[in-house]
Amino acid sequence: QPYRVALADAYCQSKSWDSLEAYLQDQKWGDYDFVRLAYLTRAAYQQGNTIVGQESWRAAVRVAAARVGALSMLARLAGEWKMEAEREELLWMIVQRHPAERWALQALNAVYREAGNSQGLQQIYATQLNFDPDNIIAGNNFASISLLLGIQLNRAYELAQRAWEKFPNNPAFAMTYAY
């Protein structure tokens, strides 16, 4: 597969999208067919064919869906290709299907922080709490964001109080509790 991927990359570098599409169209890459489908997606998007691109992407995700390594590779490619919505969707899929892969939550955290997406951050902290209800830091972060957004206030008050009572000398916990 490295030769095939290198050739596909060369077509991408030269922006020969129609040649890339023609090269990939009738091939099968076995266990790496999700990569071929991802490159087909890129070719379609670059040629302005959104519908074909979306179909190819859905097929790539379907082929990769059971394997965390394949989903991770698709997420990396989506990030490199500035397909942010697709990358975010894949990262959440990894979080839901492979909860031990905590790096996906960290990647989402970075995405949402960079974008200033407070609701996305709240969703991350809620997910962390679902995985580990005793995670005081996630609880405080969830409380802080929830208070700022004015949503899920009862839970936010409870989590802020719990964090402060457990660590009353922690300034971040005290600030959240005071808020």
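**View 1. Tyr39 is a buried residue.** At 3% relative accessibility, Tyr39 counts as buried, where buried means under 20% relative accessible area, exposed over 50% and partly exposed in between, with a 1.4 Å probe and protein chains only. The model is predicted, so local features need pLDDT of at least 70 and side-chain atom pairs count only at pLDDT 80 or more, while totals for chains, interfaces and linings use all residues. Residues are numbered from 1 along each chain as its sequence is written, and side-chain values use heavy atoms, with hydrogens and water left out.

**View 2. Tyr39 and Trp81 form an aromatic pair.** The structure holds five aromatic pairs. Rings of Phe, Tyr and Trp (its six-membered ring) pair if their centres lie within 6.5 Å; planes under 30 degrees apart count as stacked, over 60 as edge-to-face and the rest as tilted. The ring centres of Tyr39 and Trp81 are 5.1 Å apart and the planes stand at 65°, so this pair is edge-to-face. Tyr39 lies in helix α3 (residues 33-46) and Trp81 in the loop between α5 (68-80) and α6, so the pair ties together parts that are 42 residues apart in sequence. Helices are DSSP runs of H or I with at least four residues, numbered from the N terminus. Trp81 has 12% relative accessibility and so counts as buried.

**View 3. Helices α6 and α7 cross.** The axes of α6 (residues 84-97) and α7 (residues 103-115) come within 8 Å and cross at roughly 145°. Axes are lines fitted to C-alpha atoms, for helices over the stretch in contact, and angles run from 0 to 180 degrees between N-to-C directions. From α6, Arg87, Glu88, Leu91, Trp92, Ile94 and Val95 meet residues of α7 that include Trp103, Leu108 and Tyr112. The residues of this contact divide into 11 nonpolar, no polar and two charged. Here Ala, Val, Leu, Ile, Met, Phe, Trp, Tyr, Cys and Pro count as nonpolar, Asp, Glu, Lys and Arg as charged, and the others, Gly among them, as polar.

**View 4. Leu159 sits in helix α10.** This helix spans residues 153-166. Leu159 is buried, with a relative accessible area of 5%. Leaving aside neighbours within four places in sequence, Leu159 is in contact (heavy atoms within 4.5 Å) with Leu129, Gly139, Phe142 and Ala143.

**View 5. Ser56 sits in helix α4.** This helix spans residues 50-64. Ser56 counts as buried at 12% relative accessibility. Apart from neighbours within four places in sequence, Ser56 is in contact with Leu37, Leu40 and Thr41.

Notes: Helix = DSSP H or I, 4+ residues; strand = E, 2+ residues; numbered from the N terminus.
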